[in-house]
Amino acid sequence: MAVIVVAAPVLSGASATAWAAQPPEPTEQCRVTDKRLDELSGLASDGQHRYAVNDGGSSVRVFVLDRNCAVQRVINNPTDPYDVEDLARTADGTLWLADTGDNEKKRDTVALHALTPRGTSTLYRLVYPDGPHDSEALLVDRSGTPYLVTKNVLGAAEVYRPASPLTSPGPTPLERVASVSIRSTDTPGGPVAGVVGSVLVTGGAVSADGTVVALRTYTDAYLFSAPDGDVVAALGRTPVRIPLANEPQGEAIAFDPDGTLLSGSEGVGQPVRAVPGATALAAGADQSGADQSGAEQTGAGQAEPERSATAGTRPGSSADQAGQPGADTGTTAQANEPDEASRTLPTIAVAAVVVVGLLVALGRRRRRG
């Protein structure tokens, strides 16, 4: 299993020098003023339209927005989800809703809802191998394989994918394939003061061509190069960090087909912001070998030897089951193994702040029982 430590940026190398002093800042594209989208939690894009989902909800529902954030139509299905937290769109136009929220960690299964543009929805239940987890981030690679990334108050975010082809309604077993630890940053934003917002994974996205993987926290986005489309291998590389400052509860992240990064926050009237050329930043960092993220290293300027972690067998391709995610087999992730001290993220003092802060934040949020 790959173990990755993502830290505050230490920019170096030719591709980084152009913006080392001032990383690219998101610019406002439009504002979401529709009161039905008061808890924006997931975004997707086909270039002409944005697709948006609310946190939670009592039906499978995706809002189709124009580039001015105006709602053009709503795709509905009466299926009642438990807690929708993220959204992805595959090349065939299917919208994948991650019904994976579980703040109280009491769900026996989580689910994906595959929603067509016509409003037909297929339910795929999933079960973790090691008990319940809260997940707010969905990654779907270019072959259609879904990955869930957990939102852990303490410790690393765990990455899971189906261990076999999806079945409806399932459940299909999940397998853990990677672990990502994120260090705190000083980027302002998030639902509570302190470092809480900068260490919790609240959303994910994969570029249209599958070559860049993004994870976000309440305050920052991390872009991982995936030149071969392999998500696990990508998460073993050092990412580019893009601050997403002053989003009150930023959970939504997506890519336009042209490589523009999009982000959004809960709250009526909050903007959707864009970072043009974001995928090129990640690709450039990978080609130059620059350490864009400040990932943990040990010794006197020497990184620890790389550890090869076989990620296991992926589920079958979409040819096995029409319209469902799938991928090929035999992937290997390369990652630096952090020392024991670097794994203790956050520290004991920070952990106390995280726990208290998150409990306050969660207490203010509406969740279904």
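**Figure 1. Overview of the predicted model.** The structure shown is a predicted model. Its protein chain contains six helices and 23 strands. Of the 369 residues in the protein chain, 57% are buried. Among contacts in the protein chain with a separation of 6 or more, 58% are between residues 24 or more positions apart. The accessible surface of the protein chain is about 14100 Å², and carbon and sulfur atoms hold 51% of this area.

Figure 2. Two aromatic pairs are present in the structure. Tyr128 counts as buried because its relative accessibility is 10%, and buried means under 20%. Tyr160 also counts as buried, with a relative accessibility of 0%.

**Figure 3. The largest nonpolar core and the surroundings of Leu139.** In soluble globular proteins, nonpolar side chains tend to be buried together. The largest nonpolar core of this model consists of 21 residues. Leu139, Val149, Val159, Val213 and Leu235 have the most contacts inside this core. Two or more core residues come from each of the elements β11, β12 (146-150), β13, β14 (172-182), β16 (212-216), β17 (220-225) and α3 (231-235). Beyond its neighbours within four places in sequence, Leu139 contacts several residues, including Thr145, Pro146, Tyr147 and Val149. Further contacts of Leu139 include Gly204, Ala205, Val206, Val213, Ala214, Leu215 and Val231.

Figure 4. Thr100 is located in the loop between β8 (95-99) and β9 (110-115). Thr100 is buried, because its relative accessible area is 0% and the limit for a buried residue is under 20%. The side chain of Thr100 reaches the backbone oxygen of Ser135 at a distance of 2.8 Å. Apart from neighbours within four places in sequence, the residues in contact with Thr100 include Asp83, Glu85, Arg107, Val110 and Ala111. Other contacts of Thr100 include His133, Asp134, Ser135, Glu136 and Leu148.

Key. Residues are numbered from 1 along each chain as its sequence is written. This is a predicted model: local features need pLDDT of at least 70, side-chain atom pairs count only at pLDDT 80 or more; totals for chains, interfaces and linings use all residues. Side-chain values use heavy atoms; hydrogens and water are left out. Rings of Phe, Tyr and Trp (its six-membered ring) pair if their centres lie within 6.5 Å; planes under 30 degrees apart count as stacked, over 60 as edge-to-face and the rest as tilted. Buried means under 20% relative accessible area, exposed over 50%, partly exposed in between (1.4 Å probe, protein chains only). A nonpolar core is a set of buried Ala, Val, Leu, Ile, Met, Phe, Trp, Tyr and Cys residues joined through side-chain atoms within 4.5 Å. Helices (H or I, at least four residues) and strands (E, at least two) are DSSP runs, numbered from the N terminus. Contact means heavy atoms within 4.5 Å. Accessible areas come from the Shrake-Rupley method with a 1.4 Å probe; for residues, only the protein chains shown count as cover. A polar contact is a pair of N or O atoms within 3.5 Å; within protein, one must be able to donate a hydrogen and the other to accept it, and residues adjacent in sequence count only if both atoms are side-chain atoms.
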